[in-house]
Protein chains: 2
Amino acid sequence: MKKHNFSAGPCILPQEVFQQASEAVLDFNGTGLSILEISHRSKEFVAVMKEARALALDLLGLSGKGYHAVFLQGGASMEFLRVPYNLMTVNGKAAYLDTGTWASGAIKEAKAFGDTVVVASSKPENYNHIPKSFEIPTDADYFHCTSNNTIYGTQMRQFPETNVPLVCDMSSDIFSRTLDFSKFDLIYAGAQKNMGPAGTTLVVIKEGLLNKTGRSIPNILNYQQHIDKESMYNTPPVFAVYTSLLTLKWLQNLGGIPAIEKVNEAKAALLYNEIDRNPLFKGTAATEDRSKMNATFLLENEAHAALFDNLWKNAGISGLNGHRSVGGYRASMYNALPLESVQVLVDAMKELERIA
Amino acid sequence: MKKHNFSAGPCILPQEVFQQASEAVLDFNGTGLSILEISHRSKEFVAVMKEARALALDLLGLSGKGYHAVFLQGGASMEFLRVPYNLMTVNGKAAYLDTGTWASGAIKEAKAFGDTVVVASSKPENYNHIPKSFEIPTDADYFHCTSNNTIYGTQMRQFPETNVPLVCDMSSDIFSRTLDFSKFDLIYAGAQKNMGPAGTTLVVIKEGLLNKTGRSIPNILNYQQHIDKESMYNTPPVFAVYTSLLTLKWLQNLGGIPAIEKVNEAKAALLYNEIDRNPLFKGTAATEDRSKMNATFLLENEAHAALFDNLWKNAGISGLNGHRSVGGYRASMYNALPLESVQVLVDAMKELERIA
């Protein structure tokens, strides 16, 4: 039986992407070669890389608007480092919003490079909301935020209007909702939520942002190198990029971000309505900041845990256990998770109410 | 028709690995989940990572000898940076042997960290040999070399006896030949030759080597972090690690490095004998330094190029074009390339001699 996969990431991808990727491992587009053994310099893969970069910009509405897209390696955690290396001037200053574990990780790497101002943090409340009143120093080299917090189930609805470059880690909600992406100067996202398998990171960079720090940047960390070499500075993660392209094409065929956003809204509404209605459950995140990607919730009575776990596991659900920082349950509803899977979860919650 | 893939990397992997990897993209070990959608924290994948790390050490004869193995992201080019960050002391010195493009890349990244002494270079001779007479400063923090040079078709047979830690980029010949790997303090290798698909890098580190530099190391670049977190500091490239494990198991089942070394010797002998015998061809690398992984050779008469290209392409060979730095042809004969494929190439060379 195929599972209802609510895993927080790596996560479910479209079933047709699994099928196409599986076939390409045996024979890539009739070349007689596996996607795993083709040269990254072959015209076939160069075309894949080019199309993936262009389609990513296109889906974000950034084609022709002066942005570059590159596919890198190392995960978003590597971008925690590349961002200050490329954007923080010597003796400069950067501003960060601390909304959870990943924001903290980004702040930690930045601190080694210069004055890292945390403009606000919801840590004292175990990151259960997004701080909204804060000031960004006008002399900061950039402002960094995390659009969605997988662990704590919160998501930014508004982004600050600011004169400093806006940098955003969108690892866990990119391609899931319409935003004016042209307000951002740099966006990065690990693939393994809405874009593809773990192993590549998309970075979108506005022209004119780079080469202003006076800092010597190692080649492998230098965004300009990766832009100039069209994501082929060194051997790229061929399979991860190819499978990301398959996923982006699936999204394009669905109708792009506006189309998937409707599905995501429906999934989130279905689950949060049940969390709020069902007296046996409660959400952990502030209502106005609830993530539409990751819903975190608890049982009102821990004594029901064994019964509930049995119910959802028997329904074919996997990956529902909450992160240890929050406990309880976390339902991750990324782009490829069908509405039907959320219905199966809601049915299990209703069934618990009936029999508990 | 399945191709005879002589690509320099990414390159051919065992056919059974393609089959197993393809199946796992649809259903990983009967879990009902694709290998692309399982959590890296799932017990199934934690077991994969653990087994891959242990098997890598085992195949290298380093089990129980005080070494750690980690699987990272970023390619060998990222290790060009991690090595000086982790091993070069503040105001320290490192020694590098310059044997080609990759060695030069490593030197370039190291230079930003301190005194980087190039003990010898074969660049003036277009890297057609391995320099053998050089002195390693006894006060260097480490000595770095590249065991095999894919572009120039050379390979180190001997490694220096030295009191300073020995660091080696073995990206293109790891697991291909017996060596006393315990002489090395740090070995790294991008997966995409003898270990798996592009997207992960194996790093083997001797205990006691780290934490001696007095340098502040970014978390994502800190080897100690990756050792402590058992290669799960951040989301690992799940598919690349899994497919590397499949490839390492294939090698283990064959009889490990000693068994594949015999096959590799036979392939190299077959091809180099033909290059030397056939009056229409000549090798580019110094005979004593010829690589058993990548044979680089030229036509004596360029006018035969169209005819020869036609012959090998019609024989189902792919990936034989030489790198632009050397020209001519490059036959990469990694572990998974069958002897039969080399015979097909040799037959094409003989056929050229007959009809040219």
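Visitor: How many residue pairs are in polar contact across the interface of chain A and chain B?

Guide: This is a predicted model, and across the interface of chain A and chain B there are 16 residue pairs in polar contact, counted where both residues are at pLDDT 80 or more. The elements that give two or more residues to the side of chain A that touches chain B are helices H1, H3, H4 and H6 of chain A, and the largest share, 6 residues, comes from H1(A). By class, that side of chain A has 26 nonpolar, 22 polar and 6 charged residues.

Visitor: What area do chain A and chain B bury between them?

Guide: The size of an interface is often given as the accessible area lost when the parts come together. Here chain A and chain B bury about 4,100 Å² between them, with 57% of it on carbon and sulfur atoms, while the count of salt bridges between chain A and chain B is 0.

Visitor: Turning to the sheet, which strands of chain A stand at the edges, and why is one side of each left without a neighbour?

Guide: The open sheet has 3 strands in the order S11-S12-S14 (chain A), with antiparallel pairing. S11 and S14 of chain A stand at the edges, and because each has a single partner strand, one side of each lacks a neighbour in the sheet. The twist averages 35° from one strand to the next.

Visitor: Which strands of chain A does helix H7 lie across?

Guide: Helix H7 of chain A lies across S11, S12 and S14 of chain A, running at about 20° to S12(A). Helix H8 of chain A also packs on the sheet, touching S11, S12 and S14 of chain A, and its direction makes about 25° with that of S14(A).

Definitions and conventions. Residues numbered from 1 in each chain as written. Chains lettered and ligands numbered in written order. Predicted model: local features only at pLDDT ≥ 70, side-chain atom pairs only at ≥ 80, totals over all residues. Heavy atoms only, no water. Buried area = accessible area lost by both parts, 1.4 Å probe. Salt bridge = Lys/Arg side-chain N within 4 Å of Asp/Glu carboxyl O. Polar contact = N/O pair within 3.5 Å; in protein donor to acceptor, adjacent residues only side chain to side chain. Helix = DSSP H or I, 4+ residues; strand = E, 2+ residues; numbered from the N terminus. Nonpolar A, V, L, I, M, F, W, Y, C, P; charged D, E, K, R; others polar. Pairing = 2+ DSSP bridges. Axes fitted to C-alpha atoms, helices over the stretch in contact; angles between N-to-C directions. Contact = heavy atoms within 4.5 Å.
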